[in-house]
Amino acid sequence: RGGTLTIELESTEDILAAAGRIKRPDQRTIGFSLVRRGEIERSRDKLRRKNADLIVYNPLDTMSSATIESILLYPDGRAEELPTRPKADFAAILLDRAAALFE
């Protein structure tokens with residue numbers, strides 16, 4: 001109480017990149033790209049480098065918010081911009097899009 005706490009962290013392997021390297025043809029990988037607003041190209045680059053099937057461009061300023069403003073990015077170049085919505089509503093949409101990756 002009343003003092004300063006320090007937490008030491010260790011770097012870990014990039015889980016999305018590792019999953020993208022070893023996934024089978026019947027598996028899909030989806031990730032989030034938490035970046036500064038306007039850095040959508042950085043998110044597209046992450047999608048390619050990590051061999052993901054879908055990545056969510058997620059502006060950093062929505063991290064502490066109850067809502068999310070997102071763009072879903074696909075390897076074929078498609079981008080689906082979703083209007084700002086509560087995070088629970090976004091989760092339902094993301095699950096639908098994830099299921100569609102298997103069609």
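# Charge, cores and selected residues in a predicted model

The protein chain of this predicted model carries 17 positive and 17 negative side chains, and the centres of the two sets lie 2 Å apart.

Colleague: Which pattern does the protein chain follow along the sequence?

Modeller: The protein chain contains three helices and four strands. Read along the sequence, these elements give the pattern α-β-α-β-β-β-α.

Colleague: What share of the 103 residues in the protein chain is buried?

Modeller: The C-alpha atoms of the chain fill a box of roughly 55 × 35 × 25 Å along the principal axes. The accessible surface comes to about 7300 Å², of which 53% belongs to carbon and sulfur atoms. Among the 103 residues, the buried share is 35%.

Colleague: Which element supplies the largest share of the largest nonpolar core?

Modeller: This core has 10 residues in all, namely Leu54, Val56, Ile68, Leu72, Tyr74, Leu82, Phe90, Ile93, Leu94 and Leu101. The largest share, three residues, comes from H3.

Colleague: How many residues does the second, separate core hold?

Modeller: In soluble globular proteins, nonpolar side chains tend to be buried together. Here a second core stands separate and includes Leu47, Ile55, Tyr57 and Leu73. Its size is eight residues.

Colleague: Why are the buried residues of H2 placed on the same side of the helix?

Modeller: Within helix H2 (residues 40-49), the residues Ser43, Lys46 and Leu47 are buried. They lie on the same side of H2 because the arc that they cover around the axis is only 105°.

Colleague: Against which strands do the buried residues of H2 pack?

Modeller: The face of H2 turned away from the buried side carries the exposed residues Arg48 and Arg49. The buried residues of H2, by contrast, pack against strands S1, S2 and S3.

Colleague: What value does phi of Asn51 take?

Modeller: Asn51 lies in the loop between H2 and S2, just after H2. At 40% relative accessibility, Asn51 counts as partly exposed. Its phi is positive, in a residue other than glycine, and is near 55°.

Colleague: Is Ser70 buried or exposed?

Modeller: Ser70 has its place in strand S3. Not counting residues up to four places away in sequence, Ser70 touches Val56, Tyr57, Glu80, Glu81, Leu82 and Phe90. Its relative accessibility is 2%, and the cut-off for burial is under 20%, so Ser70 counts as buried.

Colleague: Which residues does Ile30 contact, leaving aside its neighbours within four places in sequence?

Modeller: Ile30 belongs to strand S1 (residues 30-35). At 31% relative accessibility, this residue counts as partly exposed. With neighbours within four places left aside, the contacts of Ile30 are Leu16, Leu54, Leu94, Ala98 and Leu101.

Colleague: Which residues does Ile93 contact, with its neighbours within four places in sequence left aside?

Modeller: Ile93 is one of the residues of the largest nonpolar core. Leaving aside its neighbours within four places in sequence, Ile93 is in contact with Leu82 and Arg85.

Colleague: Is Leu95 buried or exposed?

Modeller: Leu95 is found in helix H3. Between Leu95 and Leu54, 41 residues apart in sequence, the C-alpha to C-alpha distance is 11 Å. The relative accessibility of Leu95 is 61%, and the cut-off for exposure is over 50%, so Leu95 counts as exposed.

Colleague: What is the C-alpha to C-alpha distance between Asp89 and Asp61?

Modeller: Asp89 is found in helix H3 and, at 42% relative accessibility, counts as partly exposed. Asp89 and Asp61 are 28 residues apart in sequence, and their C-alpha to C-alpha distance in space is 18 Å.

How values were computed
Residues are numbered from 1 along each chain as its sequence is written. This is a predicted model: local features need pLDDT of at least 70, side-chain atom pairs count only at pLDDT 80 or more; totals for chains, interfaces and linings use all residues. Side-chain values use heavy atoms; hydrogens and water are left out. Helices (H or I, at least four residues) and strands (E, at least two) are DSSP runs, numbered from the N terminus. Buried means under 20% relative accessible area, exposed over 50%, partly exposed in between (1.4 Å probe, protein chains only). Contact means heavy atoms within 4.5 Å. Accessible areas come from the Shrake-Rupley method with a 1.4 Å probe; for residues, only the protein chains shown count as cover. Lys and Arg count as positive and Asp and Glu as negative; His and the chain ends are not counted. The place of a charge is taken as NZ of Lys, CZ of Arg, CG of Asp or CD of Glu. A nonpolar core is a set of buried Ala, Val, Leu, Ile, Met, Phe, Trp, Tyr and Cys residues joined through side-chain atoms within 4.5 Å. The arc is that of the directions from the helix axis to the C-beta atoms.
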